[in-house]
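Student: I've got a model open on my screen and I'd like to learn how to read it. Could you walk me through it, feature by feature?

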Amino acid sequence: MNNNKETERAELHKTIWRIANDLRGSVDGWDFKTYVLGVLFYRFISENLTNYLNEQERRAGNADFDYARLSDVDAEFGRAETVKEKGFYILPSELFANVRSGARHDANLNETLSHIFADIEGSATGSDSEEDIKGLFDDLDVNSSKLGPTVAKRNEKLVKLLDAIGDLPLASREGGFTESTIDLFGDAYEYLMQMYASTAGKSGGEFYTPQEVSELLARITVVGKSEVNKVYDPACGSGSLLL
């Protein structure tokens, strides 16, 4: 058994329960899944982009470069080239870590996040990735009354959500998500489906397969094979059988 994998998975599940407790009574299971996965993805692409740009600059000899500390004006210089390579762009002030650090003092946090998500999607306009990025955050409604009856209440929930996702010790500080030993999104999705399988999954036409069953079937499939060329799974769900 991979101890790191089990530890990361346990931390992920504990965090999801913590968020569920914070949002209890305001967001139902199906919507809750969207908020967790949406913010998790926002953190992922922020760290992925930051690590990519830092690595590029350090290879060029700029050992102390830190994209997250760059001004938005200076960051615009690399936008076009980065969109070609990564398919999207996020200004330093809009990175997950920077937004989270000032979230408690942002009276308009819901609007801040809404603008950021629109900016991320808009960064791909006119590029080859436009259709892939378009509507990426449509389901993540940070202005929904389900988060609270007032803006202050909604922002209070959003701060807790950002903090919980941000506190996940998924890998080393430098490595970010790239060094995580688990299928982060697949694990989160499956755990959320397990939590709400009797209602959320069935109402969405989805049926949860326990992770242990998925892993066993995958192992049986590749017995005696050193590599797999093609896999066809018309009902892959979160893709755990494929991964």
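Student: What should I know before I start?

Tutor: This is a predicted model, where local features need pLDDT of at least 70, side-chain atom pairs count only at pLDDT 80 or more, and totals for chains, interfaces and linings use all residues. Residues are numbered from 1 along each chain as its sequence is written, and side-chain values use heavy atoms, with hydrogens and water left out.

Student: How many helices and strands are there in the protein?

Tutor: Helices (H or I, at least four residues) and strands (E, at least two) are DSSP runs, numbered from the N terminus. Here you'll find eleven helices and zero strands.

Student: And how do I read burial?

Tutor: Go by relative accessible area: buried is under 20%, exposed is over 50%, and partly exposed is in between (1.4 Å probe, protein chains only). Of the 243 residues in the protein, 39% are buried. The areas themselves come from the Shrake-Rupley method with a 1.4 Å probe, and for residues only the protein chains shown count as cover. The accessible surface comes to about 14,000 Å², with 50% of that belonging to carbon and sulfur atoms.

Student: What do contacts tell me about the chain as a whole?

Tutor: A contact means heavy atoms within 4.5 Å. Take the contacts between residues at least 6 apart in sequence: 68% of them join residues at least 24 apart.

Student: Now the cavity. How does one find empty space in a model?

Tutor: Rolling a probe the size of a water molecule over the atoms shows where empty space is left. In practice, a cavity is a set of points on a 1 Å grid over the protein atoms alone where a 1.4 Å probe fits but cannot get out, and lining residues have an atom within 4 Å of a point. Grid points are joined across faces, edges and corners, and the volume is the space filled by probe spheres set on the points. This structure holds one cavity of 30 Å³ or more, and the largest cavity has about 50 Å³ of space.

Student: Which helices each supply at least two residues of its lining?

Tutor: Helix 2 (29–59), helix 6 and helix 8 (151–166) do. The lining includes Tyr35, Leu113, Phe117, Val142 and Leu158. By class it has ten nonpolar, no polar and no charged residues, where Ala, Val, Leu, Ile, Met, Phe, Trp, Tyr, Cys and Pro count as nonpolar, Asp, Glu, Lys and Arg as charged, and the others, Gly among them, as polar.

Student: How do I check whether a helix such as helix 8 has the expected span?

Tutor: The expected span is 1.5 Å times one less than the number of residues. Helix 8 has 16 residues and reaches 22 Å from its first C-alpha to its last, close to the 22 Å expected. Its buried residues include Arg154, Leu158, Leu161 and Ile165.

Student: Is Ile165 buried or exposed?

Tutor: Ile165 counts as buried because its relative accessibility is 1%. Its contacts beyond four places in sequence include Thr15, Ile19, Val36 and Phe96. The C-alpha atoms of Ile165 and Ile19 are 8.6 Å apart, although 146 residues separate them along the chain.

Student: What does Asn143 touch, beyond four places in sequence?

Tutor: Asn110, Glu111, Ser114 and Arg154. Asn143 lies in the loop between helix 7 and helix 8, and is partly exposed at 29%. From Asn143 to Arg154, eleven residues on, the C-alpha distance is 7.4 Å.

Student: And Ser114, from that list?

Tutor: Ser114 sits in helix 6 (residues 109–122) and is partly exposed, at 27%. Beyond its neighbours within four places, Ser114 contacts Val142 and Asn143.

Definitions and conventions: On a 1 Å grid over the protein atoms alone, a cavity is a set of points where a 1.4 Å probe fits but cannot get out, and a pocket is an open set with protein on both sides within 12 Å along at least five of seven lines; lining residues have an atom within 4 Å of a point.
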